[in-house]
Amino acid sequence: MEPDADTVKRNVAAALAEDVGSGDVSADLIDEEAHVRARIVTREPGVFCGQAWAEETCRQIDRGIRLHWRVDDGARIENDDALVDLEGPARGLLTAERTVLNFLQLLSGTATRTRRFVDAVVGTETVILDTRKTLPGLRVAQKYAVRVGGGQNHRVGLFDAILLKENHIAAAGGIAAAVCQARGRHPGMPVELEVEDQHELADAIAAGVDRILLDNFSIDDLRAAVATTAGRVPLEASGGITLDNVAEVARTDVDYISVGELTKNVTPLDLSMRFHAS
């Protein structure tokens with residue numbers, strides 16, 4: 001579950017490029033010999049995530065900055081909990097502050113949101129999945145946060161699994177034709193197909209797909225789809241899933257529920273960094 005080091009480096013480099021630019025003209029006013037200590041605390045409960053991005057930010061700004069973690073990724077945190085102590089050059093910590101917090105707040109918010117959905121379906125066998133509805137450039141980071149929060153990842157992008165949706169089916173000439181072309185062009189790659197009603201479900205089963213996505217099915221239609229499929233093909237419910245209805249959807253016995261708002265509508269966790277004279 002460890003984040004990819006190269007991806008973390010690229011994420012941080014891009015964030016610092018847009019924030020620091022040609023130089024931090026505010027931190028430049030501080031004595032370059034000054035050293036400080038700082039602590040990051042949370043102002044609300046949640047699930048912590050983002051260590052690697054915080055560490056890489058400090059590394060790229062000033063290797064003299066030291067971080068002493070009080071929690072690990074995946075830890076449940078409560079209001080006013082101390083998350084990490086930092087010490088080092090004042091200029092470096094001032095420059096790193098916002099980028100460190102941005103990564104920790106966003107990824108902790110993603111992990112926290114995911115954990116709420118996962119907790120909501122406890123007692124069922126349904127797995128919570130993410131989607132491709134992520135912040136541009138931060139997909140790997142947010143998908144890592146989903147795993148930290150207890151969810152699982154759907155495909156990473158357009159390259160690692162086939163998902164045939166309404167427009168693919170229309171362009172290919174129907175469900176059977178779309179699946180046949182997918183199998184022929186990409187043998188061995190998993191094929192998932194989106195269906196919108198029971199008739200398309202029957203066609204998808206006949207086509208022999210690896211997973212079927214039930215798009216915006218009602219609760220009654222989900223139950224009917226589970227009964228029709230009878231375990232022959234894994235079923236994924238998607239569309240209009242919220243914390244208010246995810247438990248009811250899970251109780252229909254679908255195998256997966258994919259939730260766009262894990263990464264799309266995420267609210268960053270409220271964190272702050274407090275400085276102390278060294």
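Reply: Helices here are DSSP runs of H or I with at least four residues, numbered from the N terminus. The model is a predicted one. By that numbering, E166 is placed in helix α5, which covers residues 166-172. E166 belongs to a negative surface patch together with E196, D197, D203 and D221. Its relative accessibility is 46%, so E166 counts as partly exposed.

A nonpolar surface patch is made up of V140, V156 and F159, whose accessible area together is about 260 Å². V140 is located in helix α4 and is partly exposed, because its relative accessible area is 35%.

In one, the ring centres of F48 and W69 are 5.7 Å apart and the planes meet at 50 degrees, so the pair is tilted. F48 lies in the loop between β2 (46-47) and α2 (51-61), whereas W69 is in strand β3 (residues 66-69), so this pair ties together parts 21 residues apart in sequence. F48 is buried, at 0% relative accessibility, while W69, at 21%, is partly exposed. W53 and Y144 form a tilted aromatic pair, with 5.6 Å from centre to centre and 40 degrees between the planes. This pair links distant parts of the chain, 91 residues apart, with W53 in helix α2 and Y144 in helix α4 (residues 139-148). Both W53 and Y144 are buried.

Side chains of opposite charge can pair when their charged atoms come close. The structure contains 13 salt bridges. One of them joins R39 and D85, at 2.6 Å from N to O; the pair connects distant parts of the chain, strand β1 (residues 35-42) with R39 and strand β5 (residues 82-89) with D85, 46 residues apart. R39 is partly exposed at 30% relative accessibility, but D85 is buried at 18%.

R59 and E56 form a salt bridge whose closest N and O atoms are 2.4 Å apart. Both residues lie in helix α2, three residues apart, which is about one turn of the helix. R59 is partly exposed, at 35% relative accessible area, and E56 is buried, at 6% relative accessibility.

In the salt bridge between R183 and D210, the closest N and O atoms are 3.0 Å apart. This pair links distant parts of the chain, 27 residues apart: R183 is in helix α6 (residues 175-185), and D210 is in the loop between α7 (198-207) and β9 (211-215). R183 is partly exposed, with 31% relative accessible area, and D210 is partly exposed at 37% relative accessibility.

Methods
Residues are numbered from 1 along each chain as its sequence is written. This is a predicted model: local features need pLDDT of at least 70, side-chain atom pairs count only at pLDDT 80 or more; totals for chains, interfaces and linings use all residues. Side-chain values use heavy atoms; hydrogens and water are left out. Patches are made of residues with over 30% relative accessible area and no salt bridge: like charges are joined within 9 Å, nonpolar side chains (Val, Leu, Ile, Met, Phe, Trp, Tyr) within 5 Å. Accessible areas come from the Shrake-Rupley method with a 1.4 Å probe; for residues, only the protein chains shown count as cover. A salt bridge is a side-chain nitrogen of Lys or Arg within 4 Å of a carboxyl oxygen of Asp or Glu. Lys and Arg count as positive and Asp and Glu as negative; His and the chain ends are not counted. The place of a charge is taken as NZ of Lys, CZ of Arg, CG of Asp or CD of Glu. Helices (H or I, at least four residues) and strands (E, at least two) are DSSP runs, numbered from the N terminus. Buried means under 20% relative accessible area, exposed over 50%, partly exposed in between (1.4 Å probe, protein chains only). Rings of Phe, Tyr and Trp (its six-membered ring) pair if their centres lie within 6.5 Å; planes under 30 degrees apart count as stacked, over 60 as edge-to-face and the rest as tilted.
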